[in-house]
Amino acid sequence: MTRELAQRHLRRTVRKLGNPVVGRDSKGRLCLYFVSVSVGGWAGSAVNLVVSEDEGETWSPPRRLIASPFFNIGTLVKGAPLLFSGGAVGLPVYHELLGKFGELLRLDSAGGVVLKTRLSWGRSSLQPVIVPRSDREAVGFMRYAGVSPNRILIVRTADGGVHWSPPAKTALPNPNAAIGSALLADGPLLLVLNNAEENREDLSLAISEDFGNSWRIAYRFEGDSGSPQAPVPEYSYPWIMQDRAGDVHVLYTWGRSRIKHLRFNRAWLEGRR
Amino acid sequence: MSASDAFGLFGCGLASLAAAATVIRLRRLPVRARYAVMLAAALAVFVPIGELSIAAWVRGVTGDLSTATLVLAGAACFTQVTGRALIEPRDKRALCGLLALAAAFLYPFALGWTQFDPYALGFGSVEFITALLLITLAAWAARLNLIVLVVIVAGLAFLAGAYESRNLWDTLIDPLVSFYALAWLLAGVRRRPSNGLACPTASV
């Protein structure tokens, strides 16, 4: 996808693209969500979708998702999409125009927004990551952009995403930075975070054995005095996922210049539980 | 080109034409000149310059425009070309008042003020459709035909899939027409004499 291609197919001006997020829908198709900006900065973003039926060889023309009544701007994606039991796709998004808050969009099979639910409100939460445990139960984490103490926010649903608990601060710090989370098959809940309140110089792995109620820092990926530091010691925008073989992949921005990819298996993780 | 793309571009182009015709005060020109200028403006707005037309540039900024905007823009174009008003001030005052109220209800909450999100009601909630029906019936009973027209056109456009959005709010209202409605109402208040009997006289 290029800016020119998006502009041509969306039939409107497009200045820049960003925040790609990929997932699968209920038919197994690859769905790539990304934001485009027509005017101004990233707060002027709108979300778009392209679909591939051949594992990424070819892609459909982009279609615009409508998620806000205010010129449909200010909506961005960061967290992975999820599947509802009926086959609809749930897409965590956040708004950055005037307010900063998270929402969960529900998309039909054609990729149109048919419902949305608010995860938070106000001006201090963004970049939601949602991890389902069953058809009805899920937990969500959000970056915190409010006043101190700076902590990762948590929300929960027990009715399939119809209602969400008000955002609450966890014990985990958050320097106004994105987080990544994944629930391992028959295993614990993992969270990749900057384990500090003020900077992104530390990137760590936290484990929860009780689906987010309590946490333990299991490993530090970046920030040890012995490990090589990036010229700009900043490690951010983590993404974590488990592949079909059971291995866990962690990807993040390394020093604002590279994407770093780490891979570990269950045996490595068991040694740190 | 999909139906929603065509409709979206048409709406943005129409609003651009209405703005241009109003700004240059088209109706002060001789009748033939009005048609010629309008035709030239339509070509300039809809024919792509390079990859995009002016309508596509506007669409990039505003998104697809509501039927309230389209009806008011269409009426403004008609008035500027023919010199005849299509909309009675009473009708327009009622529509602008309703749009201003709807905007005050919709936008602060939709932009994250509270947990309540009225925009979510537009995804086919029974409460929203019932309220819309009651408002339309009340407008019809009060002979406020412009409101009835806007709601009917919005409903038909929604059912025909003319909008990218699946949310009824987006067919009824947009920020552009909200600002316009508020400005028009405030201008009416400023124009009103101190005895308070006169109504805004500007019409399209």
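## Salt bridges between the chains

Between chain B and chain A there are 6 salt bridges, a salt bridge being a side-chain nitrogen of Lys or Arg within 4 Å of a carboxyl oxygen of Asp or Glu. This is a predicted model, in which local features need pLDDT of at least 70 and side-chain atom pairs count only at pLDDT 80 or more, while totals for chains, interfaces and linings use all residues. Residues are numbered from 1 along each chain as its sequence is written, chains are lettered from A and ligands numbered from 1 in the order in which they are written, and side-chain values use heavy atoms, with hydrogens and water left out.

Another is Arg8(A) with Glu51(B), where the closest N and O atoms are 3.6 Å apart. This pair crosses between chains, from helix α1 (residues 3-10) of chain A to the loop between α2 (31-46) and α3 of chain B; helices (H or I, at least four residues) and strands (E, at least two) are DSSP runs, numbered from the N terminus. Arg8(A) is partly exposed at 44% relative accessible area, and Glu51(B) is partly exposed at 39%. Here buried means under 20% relative accessible area, exposed over 50%, and partly exposed in between (1.4 Å probe, protein chains only).

## How the chains meet

Now for the interface as a whole: 31 residues of chain B are in contact with 34 residues of chain A, contact meaning heavy atoms within 4.5 Å. The two chains bury about 2900 Å² between them, 59% of it on carbon and sulfur atoms. Buried area is the accessible area (1.4 Å probe) that two parts lose on being put together, summed over both.

## Salt bridges within a chain

Over all chains, the whole structure holds 25 salt bridges. In chain A, Glu103(A) pairs with Arg118(A), with the closest N and O atoms 3.2 Å apart. Glu103(A) is buried, at 0% relative accessible area, and Arg118(A) is buried at 6%.

In chain B, the side chains of Arg59(B) and Asp64(B) form a salt bridge at 2.7 Å, N to O, and both residues are buried. They also belong to a network of salt bridges that links Arg11(A), Arg12(A), Asp5(B), Arg59(B), Asp64(B) and Glu164(B).

## The nonpolar cores

The largest nonpolar core has 57 residues, and those with the most contacts inside it include Tyr33(A), Leu91(A) and Ile173(B). Such a core is a set of buried Ala, Val, Leu, Ile, Met, Phe, Trp, Tyr and Cys residues joined through side-chain atoms within 4.5 Å. Helix α5 (residues 89-110) of chain B gives the most to this core, with 9 residues. A second, separate core has 22 residues, among them Leu14(B) and Val81(B).

Leu91(A) is a handy place to start exploring. Not counting residues up to four places away in sequence, Leu91(A) touches Tyr33(A), Leu65(A), Val77(A) and Glu103(A), among others.

## A closer look at Ser178(B)

Helix α10 of chain B holds Ser178(B), which is buried at 7% relative accessibility. A polar atom of the Ser178(B) side chain lies 2.8 Å from the backbone oxygen of Asp174(B). Leaving aside neighbours within four places in sequence, Ser178(B) is in contact with Ala103(B), Tyr107(B) and Ile173(B).

Technical notes: Polar contact = N/O pair within 3.5 Å; in protein donor to acceptor, adjacent residues only side chain to side chain.
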